[in-house]
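Student: I've got a new structure open. Can we walk through it quickly?
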Amino acid sequence: MSADKYEVVIGLEVHAQLSTQSKIFSWSSAAFGADPNTHTDPVCLGLPGTLPVLNGAAVESAVRLGLAAGCKIRQRCRFARKHYFYPDLPKGFQISQFDEPICEGGAITFRLHGERRSIRLVRIHLEEDAGKNLHAAAGVSFVDYNRAGVPLCEIVSEPDIRSAEEASEYVRAVRALVRYLGICDGNMEEGSLRCDANVSLRLRGAAAYGTKTELKNMNSFKNVRDAIESEVKRQAVLLDRGERVVQETRLWDAARGMSAAMRSKEQAHDYRYFPEPDLPPLVVSDVELEKARASLPELPEDRFERYTTSSGLSPQDAGVLVAEKEVAAYFDAAVLAGAPPKRAANWLINEVLARVDDPRKLGAGDTAVPPAALAELIGLIESGKISGKLGKDVFTRMWTERRRAAEIVAAEGLAQVSDTGAIEEACRKVVAANPDEAARFRAGSPKLIGFFVGAVMKETGGKANPKTVNEILQRLLTS
Amino acid sequence: MSHPDVRGLSIAAIADGVRAGKLRARDVTEAYLDRIGRLDRALNCYVLVDAEGARRRADAVDAARAAGRDPGALAGVPIGIKDIFVTRGIETTCASKILRGFIPPFESTVTQRLADAGAVSLGKINMDEFAMGSSNENSSRGPVRNPWSLAHVPGGSSGGSAAAVAASLCAGATGTDTGGSIRQPASLCGVAGMKPTYGRVSRYGVIAFASSLDHPGPFGRTIEDVAALLEVMAGADPLDATSIPAPVGRYRDACRAGQAGKEGLQGVRVGIPDEYFQPGMDAEVEAAVRAALDELARAGAKVVPVSLPHTKYAIATYYLICTAEASSNLARYDGVRFGHRTKDPRTLEELYARTRGEGFGLEPKRRIMLGTYVLRAGYYEAYYGKALRVRRKIADDFTAAFTKCDAIVTPTSPIPAFRFGERMGDPLQMYLADVMTVAPNLAGVPALAQGCGFTRSGLPIGLQIIGPPLGEEACFRIGAAYEARTEWHRRLPPDPAAGAATEVAS
């Protein structure tokens, strides 16, 4: 395949489950992970006679997301019914939005290899999730309706994405955004953030889009990337051979590393959309809109900007810190507690993050070394109380023993000896004990200074300030 | 028999008697249960009689009164519940095979409010399947018969409710009205019934036929009985987003205002729409309605001509919207979670197709197919979209008319009750009979139906009084004034002879 012959055109549909207390149209819990069919009520089960009542918290989440992505908020909009038959869909239709989505336009902004990318959005709309079919052995199926009625925001991008890598970075950026807003936990494995991709190829320079396929079932960043890469290759091979791409929906099989056709355009549903008659039009008042705007936190892009300018961090470090809001919050707290930003970033990235399996746990509040404790340790090093090398050991003990740096340093007598009298005495002792080495140093082997420093540090049990030791030795050996 | 004679008894008489300790709720309930046991084999009003539950509820009312607690505004009033209202723990089927065995885990707002007010539900009442029909011939449980003539239909879809009230098999009943389903059977059975303003009565727990057109409402023997039931049934409901937050009107006071003195309608303007008095109307119906208008004038009302120019589009608009919504609302009957499921389907498709094929009767199938056609991709604008725009025009007609009058008076049905089987072969003709009743559903305005005479063969004729949005009081005032000046509502159908026709050819 000729990699550069074709331009890849990708549009993504991301479904973000909103972490509201209750479901979008009824009162049962929207929480993940309960026993099957325990988070249900007559409404989400679609029992005859039930009616939907819109959850205001879901609307607020969608409005905040729309504002954060720079969308135009439609202050009066409608829900619509989207019909298809499937056992996990209790009413035989999904309540969604069709021609009047709550948010239109806007963009998701992120960095790809240091370059700023902005992917335009078509729309963001509110809808309800379906339940889940569980296929047991021997042709028996069960349905779990816990998920039925959990609120979703569907975020639809323009076909602005040009590579599999960019697609996965886009999803990362969406995830960071919804997590910063606190409206979705962004857990792709549990399905609270899901993604479908429309992929097509066209000859470079061509104006018209090629025939697209829709990829489904990609439940990790890696899956998004692998599935799209695989689809791009598959389409390129077809086009190279002069064959046509068939418009169809394909299901990604991560285990086999390939996708398979699920249904073709001809088999596509006629969803028979029409306005949901059980819900009056949704109205977002000016007051509600302003309240939502005022509630927006600092967003990932703004934070990145702040870290790379006023904090003086490298784009790489800033990128790592910004990716998870808990990491950024930890960083900000350490800086607020007095740590210089660059040092705080280094310690956080190299020591703290190396010790946690999931960086989101930093937000849990019981981190072994909280931000203020890290700042205290950095302070001890900056002020020369302990060496940087010793600092790493102290950090390890802080992490395992959950003690403060000052406490460890004091209890173990680890404070550096900066008393020049005591250090000078040790230096004199070492120089006197090694006359040959002293002679060779004076004869022009300056590297031997390391030998003397090491010996003094050993003599002082590692507590001497290396800088002071060096100064005194230089004086003694050259005088 | 120690039971009181409840034939023709009004809700007011029962509630007042029970509240005053002159009647025991249990005795009243037993009297109705006894009538049902003796007479309903011939009429087929009930699909389920909950005798034990009724006795328990009646005893609770008597106990509350004995303990000095308020037994409620409808204390001990035996009522029938159209089988479209969801009742906790009691099978609810919409008279459809597809819902056989469905025992709901929750209660409709309306039936909960009635129970809280002390009403005693006797059981679930027969209807056209999923409220689709004007004759009650579409019930999977067999048709209800008209108490005035067992060979005639009671109307539909709330035919069982109207017939049960007419035959004193309950003192009042609930119904739903999507295109006339309360008013037309009330008219054909000679009782009163009201379709209130859309959103005035909660639809929570009312099984949906056409969501934007479905109006739950009450049946009673008198206008005041209907008013008493509506006062309890109406009001905002947090479980129905389309319910109206406005306070409930004082409907019985409105009735009393109409009954007062010789000219209870002094200052009231009654509008007569030309479009409702067209060729095709039964001559006896027209004569009775014209006579009723004269009576209203004698009561002090000023009769003024009004125009509802889009009336001719009402039937087409109605059938586009109601079939579209029905096709959507009936999608949930798939055999997966409740009700009928076909035996041993080999595939998911087969589960759906066979369950629905076996479970739905002819009329729901017809409407699902029509509605699916109406909503199909690419045709939305031509059908549903256009119907919504015409619906707006029809509503605007009413808005304009109500600048000239306080209420509009028309016949309820252009014809009296017809014979079983007479119209089943011609569904279009059946649909056209809804011409008088569908426009108020499209506009969402309240409309009251009551008797205004009888044909020479003894079949009831009905009047319709349409009010502006939330103008129920105007309807009640006019209806009660008319009722106070006439005797039609006092006439009772004969009790059917034991062993009367139990089969109807159709």
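Student: How many helices and strands does chain A have?
Tutor: Chain A has 15 helices and 17 strands. These are DSSP runs numbered from the N terminus: helices are H or I with at least four residues, strands E with at least two. This is a predicted model, where local features need pLDDT of at least 70, side-chain atom pairs count only at pLDDT 80 or more, and totals for chains, interfaces and linings use all residues. Residues are numbered from 1 along each chain as its sequence is written, with chains lettered from A and ligands numbered from 1 in the order in which they are written.

Student: What's the radius of gyration of chain A?
Tutor: Chain A has 30 Å, while a compact globule of 479 residues would be near 23 Å. The radius is taken over C-alpha atoms, and the globule rule is 2.2 Å times the number of residues to the power 0.38. Along the principal axes, the C-alpha atoms of chain A fill a box of roughly 95 × 55 × 55 Å.

Student: Switching to sheets. What is the strand order in the open sheet of three strands?
Tutor: The order is 5-4-16 in chain A, with antiparallel pairing. Two strands pair if DSSP finds at least two bridges between them. Strand 5 (93-96) and strand 16 (274-275) of chain A are the edges.

Student: How many bridges join strand 4 and strand 5 of chain A?
Tutor: Four, in the antiparallel sense; strand 4 of chain A covers residues 80-83. Ala80(A) has Ser96(A) in strand 5 of chain A as its bridge partner.
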